[in-house]
Amino acid sequence: MEQRHLGRTGLRVSRIGLGTLTWGRDTDEHDAAELLKVFWEAGGNLVDTADVYGDGEAEYVLGQLIEGLVPRRDLVISTKAGSVPDPDRRFDGSRGHLLSALDASLQRLGTDYVDLWHVHAFDPGTPLDETLQALDLAVSSGRARYAGVSNFCGWQLAKAATWQLAAPGTRTRLASTQMEYSLLQRGVEREVLPAALDLGVGLLPSSPLGRGVLTGKYRNGTPSDSRGGSEHLAPFVAPYLDDTASSIVDAVTTAADGLAVTPLQVALAWIRDRPGVAAPIVGARNAQQLTGALSVEALSLPDEICRALDDVSAPVHHYPDHDWSTL
């Protein structure tokens, strides 16, 4: 699998990443092992997790598979910290919480360091410079090799990345930002992506298949074995089962039929090759699904197909995103 530099850093990652959101909950250790083996054998190295996935079980399962199944040196392990199960405070970006969470992640993963560590979300209750200091300490102590943020809006990302470049002292450049991005969710193109491109931050799209909807599996109803048919994941899928999404899925399916490939391959190739994208993070239920996603490596969409998909999925952005004099 082709590799790309992550942002303006020397870290190289496979241009498709493996997500572990369901590991330790819906995906047991046996299925996780099969997924990781298929991914590694295809040349993938970026494996994304978080301390809250499965209440820590995703990290634990991944840790059990390192070395015994896949050499640690062959993986770029990315994890996140900052989300907390507190109804009064969804995110905790304090230095104390983040560093404690990182230590707990390392213990579950059974490793001395993570290759990439993200702040899971912006915490308005903590000064941003304190949150960023946790990233500096994690890297300077060797517990993380690179650092980034996740779910930061445009101004938050720009402020954080600029602080790390301009503040005095030894600062850790932001390598990446992880955001939801797909043909069904192009909101990052408004401000996040321009900021990332300008400041040299690599974009790692999550849910690149529109939470599974872009595969076309929901065109004739909700399969019982799908995420949309799962009691705890159905609300996650529901926002993308409207008429607008349906018209985009129809366009993806038409393009797939014309190219003699699957809708999954079309949707994934489109997002993989967007400007600023380093590696979409794909979550698969089984090895068959993952193999289908990894087969996109050989596919590059024709320009006319890309333009058609751009047009049918274009978000409505007006002032101030476009030149005000043309409005």
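Which residue lies over the face of F236? I looked it up in this predicted model: R211 does, at 4.3 Å from the ring centre. I also checked R72, and its charged end sits over the ring of Y113, 4.2 Å from the centre.

**Helix 3**

I went to helix 3 next, residues 95-109. At 1.5 Å a residue, its 15 residues should span 21 Å, and I found the end C-alpha atoms 21 Å apart, so that agrees. Then I listed its buried residues: L98, L99, A101, L102, S105, L106 and L109. They cover an arc of only 160 degrees around the axis, so they sit on the same side of helix 3. What do these buried residues pack against? I get helix 2 (57-65), strand 5 (76-81), strand 6 (114-119) and helix 4 (128-140). After the helix comes G110, and its phi is positive, near 70 degrees.

**Aromatic rings**

I counted three aromatic pairs. F122 and F152 have ring centres 5.4 Å apart and planes at 85 degrees, so I noted the pair as edge-to-face. F122 is in the loop between strand 6 and helix 4, while F152 is in the loop between strand 7 (144-150) and helix 5 (154-166), so this pair ties together parts 30 residues apart in sequence. Both F122 and F152 are buried.

F122 pairs with W155 too: the centres are 5.6 Å apart and the planes at 70 degrees, so that one is also edge-to-face. W155 is in helix 5, so the pair ties together parts 33 residues apart in sequence. Is F122 buried or exposed? I have 16% relative accessibility for F122, so it counts as buried.

Definitions and conventions. Residues numbered from 1 in each chain as written. Predicted model: local features only at pLDDT ≥ 70, side-chain atom pairs only at ≥ 80, totals over all residues. Heavy atoms only, no water. Helix = DSSP H or I, 4+ residues; strand = E, 2+ residues; numbered from the N terminus. Expected span 1.5 Å × (residues − 1). Buried < 20%, exposed > 50% of the residue type's maximum accessible area, 1.4 Å probe, protein only. Arc of directions from axis to C-beta. Contact = heavy atoms within 4.5 Å. Phe/Tyr/Trp six-rings, centres within 6.5 Å; stacked < 30°, edge-to-face > 60°. Lys NZ or Arg CZ within 6 Å of the ring centre and 35° of its normal.
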